[in-house]
Amino acid sequence: MQNQPHYDLLLKGGRVIDPANNIDGLMDVAISGAKIAQVGPDIDPKAATTVADVTGHYVTPGLIDIHVHVYNTREPEGLSVMADFHSFRSGVTTMVDTGTAGAKHFLHFKRTVIDQAKTRILAFINIVKSGMVGDFEQDISEMDPELAASIVLAYPEVCVGIKTAHYWTRQPWDALHPPWAAIDGAVAAGDICQKPVMVDFWPRPERTYQDLILKKMRPGDIHTHVYAQQFPILAEQNKPRSTPRVVLPVGGCRGVQPFLFEARERGIIFDVGHGAGSFWFRQAVPAMQNGFKPDSISTDLHIGNVNGPVVDMLTTMSKILNIGLPLPEVIFRSTVTPAREIGRPELGTLSVGAEADVAVLKLLEGTFGFSDCGRARMTGQRKLDCALTIRAGQVVYDPTGFTMPEWPAAPAPYWTIR
Ligand SMILES: [Zn+2]
């Protein structure tokens with residue numbers, strides 16, 4: 001018995017980036033059942049049933065995308081994508097649906113999507129009880145903090161917080177539509193269930209961005225869509241186009257409004273949430289070059305952006321990479337920080353004993369074009385590609401056959417077996 005393999009799968013020869021454990025180097029990763037069994041140099045290949053040679057690739061924790069829409073509602077309201085068709089091919093093993101469902105539809109969402117998917121799906125519950133099913137996000141009678149919080153408290157294994165979004169502007173503001181109603185309701189719900197609120201926001205003179213991040217949001221609350229056009233994050237923002245923008249060295253903050261750093265200091269989290277309208281190179285590049293990096297990278301994937309400009313998680317990460325964030329930091333902000341933000345620090349790591357969610361990535365070098373939400377283009381030299389994804393020890397994406405024998409060595413086809 002002592003010659004029996006110890007491991008089901010061994011990923012051999014890759015460069016492991018596991019920021020939670022300060023690992024960045026050539027190492028092997030061994031998986032037994034659904035768990036990470038060992039991480040270290042030169043693990044004996046004879047100890048594994050299957051060995052995947054991932055030389056030349058990066059091995060990272062399964063990626064965590066904390067802003068997606070995967071609750072497939074009825075046509076024509078449906079805006080969501082099918083989680084498993086878009087997660088694994090991009091190295092993502094955990095997706096957080098952000099408010100597609102409110103309290104009214106959560107159980108349907110759980111039964112028909114969350115419990116069926118192979119992707120780990122978690123949820124922010126919309127403060128609006130009908131969520132994004134239909135057009136109710138302007139209706140303050142739909143915002144019930146007690147109800148939204150009760151769902152989060154009842155399903156703590158799935159629900160990670162409260163979402164508020166798409167509460168637009170009306171002028172003049174009326175009693176039925178006060179400017180801060182959605183934010184106040186979401187924060188009240190977050191207080192009841194003691195969970196973070198994720199905020200999608202459109203500033204107006206009656207409700208400024210500064211007041212949102214300096215006064216209304218609580219430490220640990222997440223502002224998604226940080227590089228959208230509507231946020232006055234750059235000092236130079238409203239100057240005429242002919243005025244050249246000054247690009248300052250990384251670490252400086254003159255080009256970025258100081259109140260952003262003040263908000264970060266008080267614990268406000270800034271998330272990418274790319275989306276169909278919320279990621280502009282004209283905002284993201286100067287902000288990042290002047291030291292204002294996103295805390296977490298996420299896609300806001302839905303049917304309106306999956307064919308561009310978002311495409312997937314790795315395309316979004318590649319944009320951030322080409323703007324100048326080093327790869328280990330890009331991985332850190334797609335694994336460790338999102339896990340912390342949603343209160344699930346056991347995710348986003350390759351620690352021994354953790355659930356074996358793993359992404360094997362290739363860093364392509366060449367000339368690549370990337371598009372944003374403002375019909376602008378950026379050319380970059382590097383692009384991340386997914387080679388292999390493992391979810392809870394199961395191979396869920398392996399298009400190039402890493403875990404398969406070369407065909408001459410493969411067993412006879414099933415139909416010839418008598
Ligand atoms: Zn969204």
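Because the model is predicted, local features are given only at pLDDT of at least 70 and side-chain atom pairs only at pLDDT 80 or more, whereas totals for chains, interfaces and linings use all residues. Residues are numbered from 1 along each chain as its sequence is written, and side-chain values use heavy atoms, with hydrogens and water left out.

The zinc ion has as its protein donors His67 (NE2), His69 (NE2) and Asp300 (OD), which lie 2.1 to 2.3 Å from it. Donors here are N, O and S atoms within 2.8 Å of the metal (3.2 Å for Na, K and Ca), and since water is not among the atoms, sites may look incomplete. Along the sequence these donor residues follow the spacing H-x1-H-x230-D. Helices (H or I, at least four residues) and strands (E, at least two) are DSSP runs numbered from the N terminus. Both His67 and Asp300 are buried, where buried means under 20% relative accessible area, exposed over 50% and partly exposed in between, with a 1.4 Å probe and protein chains only.

After H7 comes Gly291, with a positive phi near 95 degrees. H8 is mostly covered as well, with ten of its eleven residues buried, among them Met313, Leu314, Lys319 and Ile323. The cover over the buried residues of H8 includes S6, S7, H7, helix H9 (327–341), strand S13 (358–371) and strand S14 (377–391), on the basis of contact, which means heavy atoms within 4.5 Å.

Thr94 sits in strand S7 (residues 92–102) and is buried, with a relative accessible area of 1%. Its side chain makes a polar contact with the side chain of Arg120 at 2.6 Å; a polar contact is a pair of N or O atoms within 3.5 Å, of which, within protein, one must be able to donate a hydrogen and the other to accept it, and residues adjacent in sequence count only if both atoms are side-chain atoms. Beyond its neighbours within four places in sequence, Thr94 is in contact with residues including Leu63, Asp65, Leu347 and Asp357.

Asn126, in strand S8 (residues 120–126), is buried at a relative accessible area of 1%, and its side chain reaches the backbone nitrogen of Val128 at 2.9 Å. Gln230 lies in the loop between strand S11 (222–223) and helix H6 (258–265) and counts as buried at 15% relative accessibility. The side chain of Gln230 reaches the backbone oxygen of Phe201 at 3.1 Å, and, leaving aside neighbours within four places in sequence, Gln230 is in contact with Phe201, Trp202 and Pro203.

Finally, the structure holds three cavities of 30 Å³ or more. On a 1 Å grid over the protein atoms alone, a cavity is a set of points where a 1.4 Å probe fits but cannot get out, and its lining residues have an atom within 4 Å of a point; grid points are joined across faces, edges and corners, and a volume is the space filled by probe spheres set on the points. The largest cavity has a volume of about 80 Å³, and of its 13 lining residues Leu347, Gly348, Thr349, Glu355 and Asp357 lie nearest its centre.

The second largest cavity holds about 70 Å³ of space and is lined by 13 residues, with Tyr167, Ile183, Asp200, Phe201 and Arg207 nearest its centre. Helix H4 (residues 181–193) gives the most to this lining, with three residues.

Note on methods. On a 1 Å grid over the protein atoms alone, a cavity is a set of points where a 1.4 Å probe fits but cannot get out, and a pocket is an open set with protein on both sides within 12 Å along at least five of seven lines; lining residues have an atom within 4 Å of a point.
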